[in-house]
Amino acid sequence: MAMLYQPPTRLAILAVNSVNCRNSAQNRRYAIAIGGKRSYISLMMHESTMVAPSADVVLPTTPLPHELPAAITALKQQMNAVILAHYYQEGEIQDLADFVGDSLDLSRKAAATDAEVIVFCGVRFMAEVAKILSPDRLVLLPDLRAGCSLESSCPPDQFRAFRAAHPDHIAVTYINCSAEVKAMSDVIVTSSNAVAIVNQLPADKPILFAPDRHLGAWVARQTGRQLTLWPGSCIVHLQFSERELVQLRVRHPGAEVLAHPECPEEILAYADFIGSTAQLLARVKASPADTIIIATESHILHQMRKAAPDKTLIGAPGVDGSCSCNNCPYMAMNTLEKLYRCMISRSPRIDLPEPLRLAAAKPLQRMLEMSAAINPAALTRKD
Ligand code: 13P
Ligand code: SF4
């Protein structure tokens with residue numbers, strides 16, 4: 001069994017069925033997935049090695065079926081549910097989803113769905129957007145703790161003060177924020193449509209941009225507008241190392257570099273193409289380069305490899321020279337098991353007070369109207 005723990009093999013404990021047995025020990029049976037194959041092991045644990053559940057930890061009690069993907073697909077039919085997934089979700093979740101997309105496309109899908117239930121595999125602000133735009137649907141999120149560093153960098157009280165200090169400014173807010181912050185904004189943007197929306201704003205009006213200062217700075221460079229930036233950032237896109245990226249480019253002289261605009265300027269300076277996740281995916285398909293270096297969260301490589309199986313795709317490195325740092329810890333909170341359990345139990349669900357929902361819907365609807373012509377898969381070149 002020791003070989004099971006050797007990298008790069010991925011070991012996932014999928015199910016826990018426990019039975020008490022004699023001598024104060026517990027015999028736990030775990031379903032283990034290794035390289036896509038599933039088998040079972042039993043572990044004996046003496047009670048001295050077991051951790052008592054604390055009050056804030058809810059141990060999963062729903063037994064898991066042997067074939068989770070098939071069970072999830074069957075549940076989806078029974079519930080009349082649609083599974084929406086962001087490109088940063090793990091590959092097995094992306095493969096089960098009815099639709100995988102970037103923030104703009106996922107908002108559009110959530111607003112237009114006929115399904116009774118939206119199961120959102122992404123982070124909480126994305127599921128909130130689905131609820132705001134589709135209030136009559138039951139919206140489920142496998143793990144409610146799936147937040148976002150940008151959202152937590154911008155508490156509503158501080159944002160209110162920011163707005164109050166700039167009363168003549170238009171507040172343009174990145175979709176990666178709480179419903180409360182959306183409700184205080186004039187228009188919401190995603191990385192797909194931020195430039196196009198800012199370009200439509202009256203030239204004589206000053207603009208606030210929150211909460212991502214790197215995306216905001218990029219939008220300012222692209223539009224020539226002066227933006228007053230909130231000092232937030234994405235913890236994932238901060239991890240890339242300029243020094244390691246330069247060395248990687250030297251080792252792959254013909255490689256094209258693609259980057260998400262949440263990256264700091266010193267990384268974007270090396271990019272041949274900058275865009276949202278959907279735009280980066282489209283560029284991978286369209287690029288004439290055989291080797292492509294990608295500076296964004298690593299799970300999008302799952303779709304990129306499917307889209308361009310003959311190309312060499314390399315995740316941009318962090319300071320240690322590897323790309324293991326560019327996983328979003330919030331996105332990773334959703335797992336196949338939690339997805340199944342949230343569908344079975346119809347929880348955790350997203351609910352918002354109606355006045356808040358209505359206030360947050362206004363700038364979101366404005367975004368959808370102002371970017372109706374935008375196809376995230378359309379390519380925009382870096383200046
Ligand atoms: P997009 O998919 O809209 O590019 O957003 C990236 C992101 O960081 C989502 O959290
Ligand atoms: Fe937030 Fe960054 Fe994770 Fe996206 S990748 S959810 S911006 S922390």
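Ala, Val, Leu, Ile, Met, Phe, Trp, Tyr, Cys and Pro are counted here as nonpolar, Asp, Glu, Lys and Arg as charged, and the others, Gly among them, as polar. By these classes, the shell around ligand 1 in the predicted model has 1 nonpolar, 8 polar and 2 charged residues. The model is predicted, and local features need pLDDT of at least 70, side-chain atom pairs count only at pLDDT 80 or more, and totals for chains, interfaces and linings use all residues. Residues are numbered from 1 along each chain as its sequence is written, while chains are lettered from A and ligands numbered from 1 in the order in which they are written.

The shell of ligand 1 consists of Asp102, Ser103, Asn176, Thr190, Ser191, Ser192, Cys234, His260, Glu262, Ser276 and Thr277; a residue is near a molecule if its C-beta atom, placed from the backbone, lies within 6 Å of it. At least three residues of this shell come from each of domain 3 (150-235 + 353-370) and domain 4 (242-315), the domain bounds being those of an automatic or database domain assignment. Ligand 2 has 14 residues around it, of which Cys148, Ser149, Cys234, Val236 and Cys328 come nearest. The shell of ligand 2 comprises 10 nonpolar, 2 polar and 2 charged residues. Because domain 2 (68-147 + 331-345) and domain 3 both contribute residues to this shell, ligand 2 lies between them.

A residue is buried if 20 or more other C-beta atoms, placed from the backbone, lie within 10 Å of its own, exposed if 12 or fewer, and partly exposed in between. Helices (H or I, at least four residues) and strands (E, at least two) are DSSP runs, numbered from the N terminus.

Strand 4 (residues 81-86) is mostly covered, with 6 of its 6 residues buried. Ala81, Ile83 and Ala85 lie on one side, and Val82, Leu84 and His86 on the other. Strand 4 runs parallel to strand 6 (residues 117-121), to which 5 bridges join it, and Val82 has Ile118 as its bridge partner there. Strand 4 is also joined in parallel to strand 5 (residues 99-101) by 3 bridges, with Leu84 partnered by Phe99. Together with helix 2 (residues 91-96), strands 4 and 5 make a right-handed β-α-β unit (with the strands pointing away from the viewer, the path from the first strand over the helix to the second runs clockwise).

A separate description applies to the open sheet of 4 strands with the order 9-8-10-11 and parallel pairing, where two strands pair if DSSP finds at least two bridges between them. Strand 9 (187-189) and strand 11 (227-229) stand at the edges with a single partner strand each, so one side of each is left without a neighbour in the sheet. Strand 10 (residues 207-210) pairs with strand 11 over 3 bridges in the parallel sense, and Ile207 stands opposite Leu227.

Backbone geometry was also examined. A cis peptide bond with omega of about -10 degrees joins Ala210 and Pro211, the latter lying in the loop between strand 10 and helix 9 (213-223). Another cis peptide bond, with omega of about 0 degrees, joins Ser347 and Pro348. Asn80, which is not a glycine, has a positive phi of about 50 degrees and is exposed, with 11 other C-beta atoms within 10 Å.
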